[in-house]
Amino acid sequence: TAASPQATGQVSLSGLALDGTALDLGDADRWQQSTKVDAAPDDVMRPAQGSSGDHLVVDVANSGVVLAMPYADVPARLPAVLAGPVPPGGTAATFTAYGLSGLPTTMAAVQQVPALPLVGARGALVNFETMSRLGGQVPDTGSLEVWVASPSAAERVRQGLRDDGINVLTTRSYAETKSGYDQSASGWGLQLALVTGLVALLLAALVMVVVAATGWRSTVHDYAALRMAGVSTAALRAAARREQLVVVGVGVLAGTVCGLLGAHLAMPLVPLFSTPAAVPALDLSPAWGASLVTAAMALLLLGLVGLAVGRAVVGRVTLSRVREHL
């Protein structure tokens, strides 16, 4: 089939007015090029240089299809922060989502994040002022939120909204929300981890004392034999310290590694919230700072217990201990 003939040229619009007032059409930067039509991909309508005030110049190449040159107060693709995967049929550079009026709106993802406030892991964050230029109203079931960076400015913002006729239904602060989470059943359950850790340290120290108390005679006999062979008391004390510290060090290292691996496996199964949160807790990676501090504290505490045990055992070493096993 033969292609439709295409007319090209330049159109000048001027003298447009509303109620006798001339319309300011602006320069070429205020208008966008027409969207490409699949049936006529070479057809185009774009603003041309020479436009100013109430005079608009348009370059046109048209074969008979309807073209529209939108005003540039709204981008052709609305910049958005996209949570979750790109909607079906789209790409990160161009995808479609529903706007305030419920009509599809073309957007472009300037950043992709795992989740956003309120919408969770599937939604888009756009500039409200830009979105409002597209028209439409917030549904009766919808709501608007104002986020204030500084708590000290909250009252001033509330008063400003009231002065503009906007009723503030509820107010939430970070401190109140955090306190609510801390006082929930899940919060209390997570705080038991601290008690469990302290009890585990005490049990480890108790085991070290019990093992030393039940096996000190054979250890003292070995040390006494070494003492009879000419090993000095200072060398025996150093050996006892090294023995205890090596055992403690290996135990703390193994416990830390097992704890990190266990947390990696168990944390996704732990209910962090009593009721499902709008934005899930995504960062379940270990708190390396806290983990290292905890390991250091365990090493210090158990190391002191080990040194005390070793010192007590060496203190019982006498040459007469050798005769107990003869």
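**Overall form**

The chain has 7 helices and 9 strands; helices (H or I, at least four residues) and strands (E, at least two) are DSSP runs, numbered from the N terminus. This is a predicted model, in which local features need pLDDT of at least 70, side-chain atom pairs count only at pLDDT 80 or more, and totals for chains, interfaces and linings use all residues. Residues are numbered from 1 along each chain as its sequence is written, and side-chain values use heavy atoms, with hydrogens and water left out.

The radius of gyration of the chain is 37 Å, whereas a compact globule of 326 residues would have one near 20 Å (taken over C-alpha atoms; the globule rule is 2.2 Å times the number of residues to the power 0.38). The C-alpha trace spans about 120 × 55 × 35 Å along its principal axes.

**Burial and contacts**

Of the 326 residues, 23% count as buried (under 20% relative accessible area, 1.4 Å probe, protein chains only). Among contacts (heavy atoms within 4.5 Å) with a separation of 6 or more, 67% link residues 24 or more positions apart.

**Thr105**

Thr105 lies in strand E8, residues 104-113. Its relative accessible area is 11%, so Thr105 counts as buried. Beyond its neighbours within four places in sequence, Thr105 contacts Leu78, Phe95, Thr96, Ala97, Gly99 and Leu134.

Note on methods
Buried < 20%, exposed > 50% of the residue type's maximum accessible area, 1.4 Å probe, protein only.
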